[in-house]
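Please look over the sequence and the model first, and then read the points that follow with both still in view.

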Amino acid sequence: MRIMTISAAFAAALLLSGCSSLRDINLSKTQERVLVGAGVGAAVGGAFGFLPNGVSVGTGALIGAGVGAAGGLVYDQFKKANTPSTR
């Protein structure tokens, strides 16, 4: 269990340090939003894995990443639909 805790903390640290460099790899707004959503979802899902009688940390992170990526895509579509065009 201790190795899982250390691994989860290390993964979270890598995730947070990677968010600041998203601009350096020339992602589109859609890609950024989906990637950030997946990362945040994985972190939250992994945290739910620590709850008693819950799913494992890995399973929670996988489910959270999927839900977060979908949420990031929905948010991106919402932003695009509500942004006035510059025609």
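Among contacts in the protein between residues at least 6 apart in sequence, what percentage join residues at least 24 apart? In this predicted model, the share of such contacts that join residues at least 24 apart is 58%.

**Overall make-up**
- The secondary structure consists of 3 helices and 0 strands, and reading along the sequence gives the pattern α-α-α.
- The protein has 87 residues, of which 20% count as buried.

**How two of the helices pack**
- Two packed helices are described by the angle between their axes together with the distance between those axes.
- Helix α2, made of residues 29-48, packs with helix α3, made of residues 57-81, at an angle of about 150°, and their axes are 6 Å apart.
- The crossing in which α2 passes α3 is right-handed, and the residues of this contact divide into 9 nonpolar, 9 polar and 5 charged.

**A glycine in helix α2**
- Gly37 lies in helix α2, and this residue counts as buried because its relative accessible area is 14%, which falls under the 20% cut-off.
- If the neighbours of Gly37 within four places in sequence are left aside, Gly37 is in contact with Gly68 and Ala69.
- Gly37 and Gly64 are 27 residues apart along the chain, and their C-alpha atoms are separated by 9.1 Å.

How values were computed:
Residues are numbered from 1 along each chain as its sequence is written. This is a predicted model: local features need pLDDT of at least 70, side-chain atom pairs count only at pLDDT 80 or more; totals for chains, interfaces and linings use all residues. Side-chain values use heavy atoms; hydrogens and water are left out. Axes are lines fitted to C-alpha atoms, for helices over the stretch in contact, and angles run from 0 to 180 degrees between N-to-C directions. Helices (H or I, at least four residues) and strands (E, at least two) are DSSP runs, numbered from the N terminus. A crossing is left-handed if the near helix is turned anticlockwise from the far one by less than a right angle, and right-handed if clockwise. Ala, Val, Leu, Ile, Met, Phe, Trp, Tyr, Cys and Pro count as nonpolar, Asp, Glu, Lys and Arg as charged, and the others, Gly among them, as polar. Buried means under 20% relative accessible area, exposed over 50%, partly exposed in between (1.4 Å probe, protein chains only). Contact means heavy atoms within 4.5 Å.
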